Amino acid sequence: MPTNFFCRILGHTWIHRTEDPKVAWNAGKDMLQLHATPAGEIRFYLECHRCKVTKENPTLQEIKKINN
Ligand SMILES: [Zn+2]
């Protein structure tokens with residue numbers, strides 16, 4: 001995946017992203033059946049405004065940097 005030019009020069013521009021809880025489909029241990037398991041919590045992550053790179057489980061410091 002080509003890196004965005006501005007992201008290379010300036011670094012990523014992170015924005016908050018959240019995802020509502022939804023049913024997640026996971027393959028079982030037998031890999032033959034799909035089992036529906038409800039996601040326990042809202043997925044919270046950062047996404048680069050420009051190149052759409054995502055960062056899972058951002059640290060509190062990273063979140064504060066965006067808010068400032
Ligand atoms: Zn980026």
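Guide: Welcome! Helices (H or I, at least four residues) and strands (E, at least two) are DSSP runs, numbered from the N terminus. By that rule, the elements of the protein chain run α-β-β-β-β-β-α from the N terminus on, giving two helices and five strands. The model is predicted, so local features need pLDDT of at least 70 and side-chain atom pairs count only at pLDDT 80 or more, while totals for chains, interfaces and linings use all residues. Residues are numbered from 1 along each chain as its sequence is written.

Visitor: Why does Phe44 count as partly exposed?
Guide: A residue is buried if 20 or more other C-beta atoms, placed from the backbone, lie within 10 Å of its own, exposed if 12 or fewer, and partly exposed in between. Phe44 has 13 C-beta neighbours inside 10 Å, so this residue counts as partly exposed. By the rule for buried residues, 1% of the 68 residues of the protein chain count as buried.

Visitor: Where is the place of Phe44?
Guide: Phe44 belongs to strand β4, which covers residues 43–48. His16 lies 28 residues away from Phe44 in sequence, yet 7.7 Å away in space, C-alpha to C-alpha.

Visitor: What makes β1 and β4 a pair?
Guide: Two strands pair if DSSP finds at least two bridges between them. β1 and β4 have six bridges in the antiparallel sense, and within this pairing Ile15 stands opposite Glu47 in β4.

Visitor: How many bridges join β4 to β5?
Guide: Three bridges join these antiparallel strands. Leu46 stands opposite Lys55 in β5, and Glu47 faces Thr54 in β5. β4 and β5 also form a hairpin with five residues between them, and Lys52 in the turn has a positive phi of about 70°.

Visitor: Which order do the three strands of the open sheet have?
Guide: The order is β1-β4-β5, with antiparallel pairing.

Visitor: Why do β1 and β5 stand at the edges?
Guide: β1 (14–19) and β5 (54–56) each have a single partner strand, so one side of each is left without a neighbour in the sheet. Neighbouring strands of this sheet are turned by 30° against each other on average, direction ignored; the axes are lines fitted to C-alpha atoms, for helices over the stretch in contact, and angles run from 0 to 180 degrees between N-to-C directions.

Visitor: What do residues 24 or more positions apart account for?
Guide: Two residues are in contact if their C-beta atoms, placed from the backbone, lie within 7 Å. Residues 24 or more positions apart make up 53% of the contacts in the protein chain with a separation of 6 or more.
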